[in-house]
Amino acid sequence: MGNLTKITRPRALITGLRGFTGAYLASELTARGYQVFGTAYGNEALGTGVYHVDLCDREAVQEVVDRVQPEIVAHLAAVAFVGHDYPEDIYRINIMGTRNLLDALSHLKNSPKSVLVASSANIYGNSTAGTLSEQEPAMPTNDYAISKMAMEHVARLWMDKLPVFITRPFNYVGVGQAENFLIPKIVSHFKRRAPVIELGNIDVSREFSDVRAVAYAYAELLGLSPRGETINICNGKAYTLREVIGLAESLTGHTIDIRCNPAFVRANEVRTLVGDASKLKSLIGDLPSYSLLDTLAWMLDETSAAATKKEQSVKVVEVFN
Ligand SMILES: C[C@H]1O[C@H](OP(=O)(O)OP(=O)(O)OC[C@H]2O[C@@H](n3cnc4c(=O)[nH]c(N)nc43)[C@H](O)[C@@H]2O)[C@@H](O)[C@@H](O)C1=O
């Protein structure tokens, strides 16, 4: 055998790799030739190339960033549930966690080429504009949205040092999302053919992208590195909660009785969220198209769900060998 040249693949760091979106993005980036590393927290399973890190621990964050030396970074780790009971977690993790990460990245000798910071469309709040473009002023109505708004401002402080861009995803769903979110809760009720579902605010509407389309968009944007930009991640088609239930009924042939449980009712509700995807399309073209019916069918189908989970059991690779 002649001399073997070791081929090194570009390294990607995903914070929140074991979260809902992390695994899908890891697959997209692996398919594009990246070695994927990530951070996880709490009870999340570790694995090769996954580091157990509290993003609020500045030194630990610096250590991981120094070890991985990423070329691209997707910052997904966050408290993502709007109804989370502990506001101090929301502010600490979403703001200080982001600050620690960006600060650590800014100390690298070789700066990353692209840094995605995931914010949220929830920051638009109850804007009176119908379809929301990035120009719409933020009107946050809850701690989660305020934390993400503040996080965006923090991220902008690093834009002269790092190629940071901000994404504002509207709601998106898929296999693996926790059951405290609306759609997985509905899906689990239909799977067990529950006669009744207790919901909170019923007169709301949301658009629901498929997590696989969002992961694709993130991977494309990371490749593009639109430094300094803020980009909606959305598809522009809103559904009322009753329409979502109607779709689940049509897919399963099961009907369900909707009841309101005050325990799930949120104060300061964001009533409607539907986004303008023009900027996203102008940057990366069309996303893979999944209708909400497709996504619900995928989530309702246990066989394919199990297969996807297996496929997703992250192809993260070890670099330190
Ligand atoms: C863009 C934004 O998107 C998501 O935030 P969310 O919209 O709060 O998502 P959700 O699935 O918790 O609620 C959807 C809607 O459904 C209403 N709703 C009624 N009854 C129940 C109910 O029983 N459970 C839940 N969870 N919601 C209910 C609830 O009040 C809300 O109006 C996150 O990914 C977030 O990280 C993010 O960034």
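Predicted model: local features only at pLDDT ≥ 70, side-chain atom pairs only at ≥ 80, totals over all residues.
Reader: In which sense do strand E1 and strand E4 pair?

Author: Strands of a sheet pair through backbone hydrogen bonds, either parallel or antiparallel. Here E1 (residues 11–15) and E4 (residues 72–75) pair in the parallel sense, over 4 bridges; two strands pair if DSSP finds at least two bridges between them.

Reader: What is the order of the strands in the open sheet of 7 strands?

Author: Follow E3-E2-E1-E4-E5-E6-E11, with parallel pairing. Strand E3 (50–52) and strand E11 (230–233) are the edge strands, each pairing on one side only. On average, neighbouring strands of this sheet are turned by 20 degrees against each other, direction ignored.

Reader: And which strands form the open sheet of 3 strands?

Author: That one runs E12-E9-E14, and its pairing is mixed. Strand E12 (238–240) and strand E14 (272–273) stand at the edges with a single partner strand each, so one side of each has no neighbour in the sheet. Strand E9 (residues 205–207) pairs with E14 in the parallel sense over 2 bridges, and Ser205 stands opposite Thr272 in E14.

Reader: On to helices. At what angle do the axes of H1 and H6 cross?

Author: Two packed helices are described by the angle between their axes and the distance between the axes. The axes of H1 (residues 20–31) and H6 (residues 211–224) cross at roughly 55 degrees and come within 9 Å. That makes H1 oblique to H6; under 35 degrees would be roughly parallel, over 145 roughly antiparallel, 65 to 115 roughly perpendicular, and the rest is oblique. Axes are lines fitted to C-alpha atoms, for helices over the stretch in contact, with angles from 0 to 180 degrees between N-to-C directions. The crossing of H1 and H6 is right-handed (the near helix is turned clockwise from the far one by less than a right angle).

Reader: Which residues in H1 meet H6?

Author: H1 brings Phe20, Thr21, Tyr24, Leu25, Glu28 and Leu29. They meet Val211, Arg212, Val214, Ala215, Tyr216, Tyr218 and Ala219 in H6; contact needs C-beta atoms, placed from the backbone, within 7 Å. By class, this contact has 10 nonpolar, 1 polar and 2 charged residues (Ala, Val, Leu, Ile, Met, Phe, Trp, Tyr, Cys and Pro are nonpolar, Asp, Glu, Lys and Arg charged, the others, Gly among them, polar).

Reader: How far apart are the axes of H7 and H9?

Author: The axes of H7 (residues 241–252) and H9 (residues 292–300) are 10 Å apart, with a packing angle of about 60 degrees. H7 is therefore oblique to H9, and H7 passes H9 in a right-handed crossing. Leu247, Ala248, Leu251 and Thr252 in H7 meet Leu292, Leu293, Leu296, Ala297 and Leu300 in H9. The contact of H7 with H9 divides into 8 nonpolar residues, 1 polar and no charged.

Reader: Finally, how many residues surround the ligand?

Author: There are 20, and the closest are Val82, Ser120, Leu182, Leu199 and Gly200; a residue is near if its C-beta atom, placed from the backbone, lies within 6 Å. The shell around the ligand has 10 nonpolar, 6 polar and 4 charged residues.

Definitions and conventions. Residues numbered from 1 in each chain as written. Contact = placed C-beta atoms within 7 Å.
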